[in-house]
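Hi,

Here is the model I promised you. Have a look at it first, and then read on for my notes.

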Amino acid sequence: MQSLFLDTRVLDKAVRERYGLTEEVMMENAAVALERAVVQRLMQITEKPAERRVVILCGSGNNGADGYALARRLAGFGSGGAMPIVPVVILCAEPKSDLCRLQAERAEKCGVRFVRTEAADEAENLIARADCIVDCIFGSGFHGALDERVAALCLRVNRAKGIRIACDVPTGVRENGSVADGGFCADCTVTMGALKCSLYGDAAKDFVGQVTCENLGVSRMLFESVLIGGAGNAAGVGSTAAAMLLETSDVVLPHRKKKLVNKGSFGHVAVVSGEKIGASCIAGEAALHFGAGLVSLVRLGTAFEKTELPEVSPELMAATDFPANTTAVALGMGLGRTDGTATPYFDWLCAHAEIPCVIDADAFFSDGLRDFLQKRSTDTLGGIVLTPHPKEYQSLLALCGLGNYTISDCVIERPALMETFCRAFPKVVLLVKGANPMIGTFDGAQFKLFVNPLGKNCLAKAGSGDVLAGLICSLLAQGYTPLDATISASLAHALASCRFKNDFALTPLALIDAVSNL
């Protein structure tokens, strides 16, 4: 896992004070990182022209100063037989900060050419012919809207063929991870010092590209821990972080270590089956393929009709009551939203507080949900995992009396609303789906937030969420804690999506097969 921070400027200041660095030293390190990113990507271009053209978009503050420092470093690049690089700066605003003025003066003395945006034809021609375009307009801390001139410039850049690199945070990406109209669409973002939460908002995923984090004169460990003890305090790294970024290495697959086992050794998943039997079948198949020893589809007091049975996988059992050896329950997938449909299942789960459960889909529109969560959320025996998508999240918040929000609010303000919910219902694990799913929980002392950036857009397909619910439930049945089950299942779900070449062809059963082969 890696730490994510809301605002690294306080860390910048603390690093300067603790380690005696100046802003200029840190800026030079930023310019070196940008230079390395530019050169590496230019080297990957197969065509070999006489020179490479790099356009740098510079704003008026210290992000613009990074751009001027980069231009200075690139000026004259190519002596000794290396690939010649010709940098040109497009001034998106006149330098205002002291360092921006100083770095602009230095770049000019090195022969860097400056072009103002008022020279629209010249700027557009430079952008069209550029091999690489570097965004140094705003960086972190941006909020509000882009002015028309900058937005128009970014739109021209986004249509250009050159490689697009953003310094720290792409222009237009706000602190909350939303994106202003006309934002810079980067192929890669070189962020400085530590990772920012804004880079992992859902809307930002189309704008940040590949994210790398570079040092500013001290190691990343020292940079991130500067407020909690400084040098040598590795144990404190991340304790001031707002969230944790999940990585491939964080997944714990349910490999079987013992040999003297039977099917009962790996739990019995009960998947509630309602109006749309296909959804519960998908969840059941996912649970079975992810290690559960037994999986049953359950309808309390109502037998499956003969016409439905052919649709049920022969690998799954069907029952009119919860099996006596049930070790985890999945509720909501295809259940239906008729009043009272979920009530008997909520009652059963409250009567069996030791059994963990996953709540999904139609259950988020049930009037009995709030009472159920209030009864079970403080339970220390079993556990609850909720897996809503934004519309279901909207309903969940409203039904629980936490406010009436638009779906847009639920996406943009997702972390804050997750913390509000988790504090109201402690020990519940909440996974809110999106381009970068977020997992939150409150343990009674601290709210913890985890972000999964690994999934691909091929997961935007009916049934993908049913697979995820089945994966989580399977791990719960096998004895994982609710948080560990949710993290590992979410990562497995995402990593399986990366195995598909075509972004449009994924189906739930193919996704389950991919999970089986992780």
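Which residues of α6 are buried? Before I get to that, keep in mind that this is a predicted model. The answer is V150, A151, L153, C154 and V157. Looking down the axis of α6, you find these buried residues within an arc of 160 degrees, so they line one face of the helix.

At its start, D147 brings a side-chain oxygen to within 3.1 Å of the backbone nitrogen of R149. I also checked the length: α6 has twelve residues (148–159), so at 1.5 Å a residue it should span 16 Å, and the 17 Å between its end C-alpha atoms agrees with that.

Helix α14 (residues 414–424) can be read in a similar way. Its buried residues are R414, L417, M418, F421 and C422. Around the axis they cover an arc of only 135 degrees, which puts them on the same side of α14.

On to a helix pair. How do α15 and α17 pack? Helix α15 (residues 464–477) and helix α17 (residues 508–516) have their axes 9 Å apart, at an angle of about 35 degrees. The crossing of α15 past α17 is right-handed. On the α15 side the contact is made by S464, V467 and L471, and these meet P508, L511, I512 and V515 of α17.

Helix α16 (residues 482–497) holds S488. With a relative accessible area of 3%, S488 is buried. Setting aside neighbours within four places in sequence, S488 is in contact with D250, V251 and V252, and also with L475 and Y480.

Is K501 buried or exposed? K501 is in the loop between α16 and α17, and its relative accessible area of 81% makes it exposed, because the cut-off is over 50%. From K501 to F450 the C-alpha distance is 27 Å, for two residues 51 apart along the chain.

In the segment after α17 you will come across L518. L518 has 28% relative accessibility, so it counts as partly exposed. If you skip its neighbours within four places in sequence, L518 is in contact with L253, A492, L495, A496 and R499. D168 is 350 residues away from L518 along the chain, and their C-alpha atoms are separated by 33 Å.

D362 counts as buried because its relative accessibility is 15%, and the cut-off is under 20%. Which side chain does the side chain of D362 make a polar contact with? The partner is R337, at 3.2 Å. Not counting residues up to four places away in sequence, D362 touches G332, G334, L335 and G336 as well as R337.

That's everything from my side for now.

Cheers

Methods
Residues numbered from 1 in each chain as written. Predicted model: local features only at pLDDT ≥ 70, side-chain atom pairs only at ≥ 80, totals over all residues. Heavy atoms only, no water. Helix = DSSP H or I, 4+ residues; strand = E, 2+ residues; numbered from the N terminus. Expected span 1.5 Å × (residues − 1). Buried < 20%, exposed > 50% of the residue type's maximum accessible area, 1.4 Å probe, protein only. Arc of directions from axis to C-beta. Polar contact = N/O pair within 3.5 Å; in protein donor to acceptor, adjacent residues only side chain to side chain. Axes fitted to C-alpha atoms, helices over the stretch in contact; angles between N-to-C directions. Left-handed = near helix turned anticlockwise from the far one by under 90°. Contact = heavy atoms within 4.5 Å.
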